[in-house]
Amino acid sequence: MLRVKDPKRSIKFYEYLGMSLIQKLPQPEAKFDLYFLAYDSPNALSHSNHWSDRQGIIELTHNYGTEDDPNYTIANGNSDPGRGFGHVCISVDNIQAACQRIEDAGYKFQKKLSEGRMHHIAFALDPDSYWVEIISDNKAEDTENIKETDPSTYRMNHTMLRVKDHTKSLEFYQDTLGMSLLRTNESPSSNFNLYFLGYVPGANNDVNTNPLEGVLELTWNYGTEKDPDFRYHDGNSEPQGFGHIAISVDDLDAACERFEEKGVRWKKRLTDGRMKNVAFVLDPDGYWIEVVQNEKLKPRANW
């Protein structure tokens, strides 16, 4: 979940990336609305599925009135004191053509393909300056001369979070949440490792993650685990921006009972508050993880 200042501008941007608004949940009594966007063309991996039955989805939260406040800004997670969340990522067919299309539409970049050492990835900026990484299903050197791109083939590939202690985080996401380690990218010369996790049965740390959706990327910078005072920002205290990731489960009550047995830290149990159809657990860095029922497997909530 990403908080946004102006939902019209944000939705227009993500629709330009090929996504569709598949669900809106107005909450007028609480003065906010939720927007769910995903790839939904006939080419999409989860075409026509309920929003709770998808792996690649972006939730935008708009608090009423922020669009009219000239002083309201979002913390994108990539500078202090709000560093923690890093980016969302889409995978595309032909990366040069895709980036040119985005640039031609007037959108800004944090990093263009031609900049820096890595010429196979780029980072566009959404209207709130959240970073959107762009990667390619095909090798960048094979698509240099291709001028066309088809957004209906794009994927909502991953979300990146920085973590303090990779050992604790990997154990939590694998043992407690049931994810598999799909791929590891070690960069000792730059003092960081990347870990890609997701729900892929039988995965053995050798998966090509680019064509997938709903992957979680964890970034570990060497040495942070040794600093007792080091903390990442969860995005939910000031300065706000990123809110949470989410998983859907086969049986919400049973899953929460299992989490209780695992000794998780809770932000919100099912029985807390007004919303009895969602729970929030905390990962080792304090990031919020929403837990909802997969409505295809077992209908529970009318949304």
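Reader: Which residue is the bridge partner of L125 in β8?
Author: W131 is the bridge partner of L125. This is a predicted model, and in it β7 and β8 run antiparallel, joined by four bridges.

Reader: How many residues sit between the strands in that hairpin of β7 and β8?
Author: Five, and S129 takes a positive phi near 70 degrees in that hairpin.

Reader: In what sense do β5 and β8 pair?
Author: Parallel, over five bridges. I90 has I134 of β8 as its bridge partner.

Reader: Is β8 buried or exposed?
Author: Six of the six residues of β8 are buried, so the strand is largely enclosed by the rest of the structure. Both of its faces are covered, with W131, E133 and I135 on one side and V132, I134 and S136 on the other.

Reader: What lies across that part of the sheet?
Author: Helix α2, residues 95–104, lies across β5, β6, β7 and β8, and runs at about 150 degrees to β8.

Reader: What is the strand order of the whole sheet?
Author: The sheet is open, with eight strands in the order β6-β7-β8-β5-β9-β12-β11-β10 and mixed pairing. β6 and β10 are at the edges with a single partner strand each, so one side of each has no neighbour in the sheet. The twist averages 25 degrees from one strand to the next.

Reader: Switching to the core. Which residues touch the most other members of the largest nonpolar core?
Author: Y14 and Y173, out of 64 residues. Leaving aside neighbours within four places in sequence, Y14 is in contact with residues including L2, M19, D126 and V132.

Key
Residues are numbered from 1 along each chain as its sequence is written. This is a predicted model: local features need pLDDT of at least 70, side-chain atom pairs count only at pLDDT 80 or more; totals for chains, interfaces and linings use all residues. Side-chain values use heavy atoms; hydrogens and water are left out. Two strands pair if DSSP finds at least two bridges between them. Helices (H or I, at least four residues) and strands (E, at least two) are DSSP runs, numbered from the N terminus. Axes are lines fitted to C-alpha atoms, for helices over the stretch in contact, and angles run from 0 to 180 degrees between N-to-C directions. Contact means heavy atoms within 4.5 Å. A nonpolar core is a set of buried Ala, Val, Leu, Ile, Met, Phe, Trp, Tyr and Cys residues joined through side-chain atoms within 4.5 Å. Buried means under 20% relative accessible area, exposed over 50%, partly exposed in between (1.4 Å probe, protein chains only).
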